[in-house]
Amino acid sequence: MLDTITRLTDETVALFDRAVGRMFRRAEVREHEALIRDARAINDKVRLLAKLGTALIEARESGTDLQEVVASAIGWDKLARSVAEAERLARPDKADLPALAARAWPVLHRLGPLFLGSLRFHSVPAAAATLRAVELLRSIYESGGRKWPSSVPTSFLRPVWREAVLSTDGAERRIWEAATLLALRDRLRAGDIWVEGSRQWRAVEDQLISPALFAALREAGPLPVAAPATAEKYLAERRALLEGRLSEIAAKAAADRLDDVQIKGDELKITPLKAATPEEAKALANRLYRMMPNLRITSLLAEVDRWTGFSGAFTHLQSGAPADDRRIVLTAVLADATNLGLTRMAEACSVASYRQLAWTAAWHLREETYRRALAILVNAQQEQPLAVLFGAADVSSSDGQHFPTAGPGEAVGAVNAHYERTASVLFYTHLSARRAPYHTIAIPPAGEAAYVIDGLLYHEADLSIATHHTDGGGVSDHNFALAHLLGFYFAPRIPNLSERRLYTFGPKSTWPVFEPFIAGRVDEKLIAAHWNDVLRLATSVRTGAASASLLLKRLGAYPRQNGLARALREIGRIERTLFMLDWLELPALRRQATVELNKGEARNALARAICFHRLGRLRDRAVEAQQYRASGLAVVTAAIALWNTVYLGRARDDLHLGGEVIADALLAHLAPVGWQHINLTGDYLWDSDSGLSPDGFRPLRATATNLRPILAA
């Protein structure tokens with residue numbers, strides 16, 4: 001019961017956070033739509049200005065009468081009409097906050113009393129003024145809006161909102177109410193204000209391990225982090241390494257000895273990589289996939305379950321026993337993965353009614369059971385002889401995949417303008433270099449960088465990841481810092497690398513080649529002053545006292561960057577600079593990052609093909625239900641990757657028996673995420689084992705001997 005109350009409290013605050021953000025996001029969308037709607041008229045005015053300006057300049061140079069020039073060039077009547085229309089099209093340089101608050105107020109006024117009336121808040125001293133304003137607003141709500149003070153406090157507001165409240169006559173109460181709820185949202189994100197009874201929205205200090213426990217851990221032995229015990233040692237090591245690497249790479253750049261990299265003045269150019277998959281590898285993949293047996297997705301899951309017993313991980317909540325009929329468990333997993341839902345799945349399957357599926361899902365499908373099942377599948381896939389050729393055991397990547405929300409699901413969705421203007425959720429998945437998804441989480445469609453470290457630490461597979469790649473969405477200085485402190489080599493593909501600045505311990509003039517790209521010097525004093533807090537943060541994350549995503553989001557949201565956040569950023573600048581030098585020097589690193597991220601894109605294509613029902617739109621009302629969708633999808637894609645890996649290996653062995661020798665370099669390009677031979681749609685029926693050969697496997701569709709005539713034709 002207490003856990004349920006805590007979870008509901010967290011979800012309540014999260015809904016408030018999204019609702020407030022959505023109100024102000026809609027205003028941005030309206031401005032954008034108005035700009036698009038008026039684009040042609042604005043362009044006409046620009047052309048008119050250009051024409052008029054050219055005529056006036058020529059008239060001044062030739063001494064012609066300006067009034068005659070205007071009359072002949074465009075006409076005074078047309079100019080007057082154009083000026084009037086330009087005044088209508090013109091928009092203020094800054095947002096019209098009173099109008100913005102007026103549009104958001106009706107929803108916020110209904111939401112505010114419910115939110116403030118159900119929760120209790122506490123704050124750090126720096127946010128005391130905001131908390132007093134929130135309590136004042138609560139008392140106003142409790143009085144039914146009848147007890148407003150003669151003047152409302154504004155010192156806690158940002159200057160633009162303070163100006164809007166003080167400069168508006170008559171509507172200042174609505175503006176103040178909207179601004180106060182927005183300030184509360186910002187302070188909750190930063191951790192300056194926290195919620196009583198919440199797990200996620202607590203004070204940052206309360207989420208770290210206690211100072212006494214940290215001191216005991218430090219005294220007992222080495223901390224579970226990959227960093228020196230003292231700031232002096234860390235700074236000395238990184239100074240020596242960074243200055244050496246800067247000198248080394250600068251010398252290579254000056255001599256033009258960096259492969260595919262050119263540095264001239266303040267310009268940095270890296271030649272894009274060419275496609276690394278040879279045509280022979282594509283032909284081999286097509287050939288092997290034509291040999292794969294055709295089957296239903298249900299038959300595939302049943303066969304993989306016979307190999308691994310992964311359905312046994314879905315144990316009963318109370319008894320801990322596996323389900324009596326594992327087909328029902330797998331059917332419920334398929335309902336999550338395909339986005340079909342239990343009601344329609346009951347109509348499409350033959351093994352269970354809706355009541356049976358709902359009971360099984362309620363008692364057997366939980367986040368921890370999904371994690372255990374996924375770990376079983378990942379471990380089995382990693383051990384396959386063919387999977388060893390797909391990539392290194394200690395390398396992985398992560399990427400996000402957007403799924404739009406609809407209906408009730410829109411309430412828990414959010415908007416990322418980079419992708420689309422509709423609400424959506426992001427399934428952020430970590431993928432091993434051997435193409436198995438080993439961690440996934442459903443998150444809002446922005447801020448994915450905070451979740452990179454979570455996947456590396458909080459999975460249950462037998463993986464020891466050393467190097468991790470992401471695309472630009474996963475890049476942040478805090479991630480570079482925390483990854484290094486925890487012993488990971490963070491190697492993202494940074495977009496617009498030439499715009500990223502380097503940081504050094506010495507004066508930038510020491511390395512003339514890099515001088516245009518050096519932003520400044522590392523703040524060593526700041527790192528030294530907060531080194532103990534940095535180690536306490538890293539230890540808290542490593543031991544699971546607090547998740548990396550929660551702490552990184554809080555540190556990144558501080559309106560005033562506190563000392564710990566700034567110290568972590570300085571460490572991240574050191575590690576990012578070292579990585580950027582590696583990136584410039586090592587084309588193999590650039591190629592590896594591209595290859596690993598492409599593996600994620602291929603896996604996302606499979607996930608999109610599986611999660612196709614309801615047009616791929618999630619309609620789940622609860623965040624927990626969306627997480628189950630993500631987890632079910634990860635389990636099913638992992639099962640497909642394992643099944644494909646096994647049968648691709650059997651197809652390769654068949655070719656070997658036919659006398660063909662296939663180079664491992666070609667097999668390394670195989671992707672066990674094809675689905676053309678798998679029936680993902682239709683009725684979800686569970687067949688018997690009649691299609692299996694005596695060796696327990698399905699016969700290949702075409703053997704090495706009878707495939708050659710097909711290829712020749």
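Biologist: Is Glu279 buried or exposed? Please go on from there to the other salt bridges.

Modeller: The model is predicted. Glu279 is exposed, because its relative accessible area is 56%, over the 50% cut-off. Its salt-bridge partner is Lys282, with the closest N and O atoms 3.6 Å apart. Lys282 counts as partly exposed, at 42% relative accessibility. Both residues belong to helix 12 (residues 279-290), where three residues, about one turn of the helix, separate them.

A second pair sits in helix 1 (residues 2-37): Glu11 and Arg7 are four residues apart there, again about one turn of the helix. The closest N and O atoms of this salt bridge are 3.4 Å apart. Glu11 counts as buried because its relative accessibility is 18%, under the 20% cut-off. Arg7, with a relative accessible area of 28%, is partly exposed.

Another salt bridge joins the side chains of Lys252 and Glu585, at 2.6 Å from N to O. Lys252 is in helix 11 (residues 231-254) and Glu585 in helix 23 (residues 563-585), so this pair ties together parts that lie 333 residues apart in sequence. Glu585 is buried, its relative accessible area being 14%. Lys252 and Glu585 also belong to a network of salt bridges that links them with Arg245, Glu248 and Asp582. Counted by the same rule, the salt bridges come to 26.

Notes:
Residues are numbered from 1 along each chain as its sequence is written. This is a predicted model: local features need pLDDT of at least 70, side-chain atom pairs count only at pLDDT 80 or more; totals for chains, interfaces and linings use all residues. Side-chain values use heavy atoms; hydrogens and water are left out. A salt bridge is a side-chain nitrogen of Lys or Arg within 4 Å of a carboxyl oxygen of Asp or Glu. Helices (H or I, at least four residues) and strands (E, at least two) are DSSP runs, numbered from the N terminus. Buried means under 20% relative accessible area, exposed over 50%, partly exposed in between (1.4 Å probe, protein chains only).
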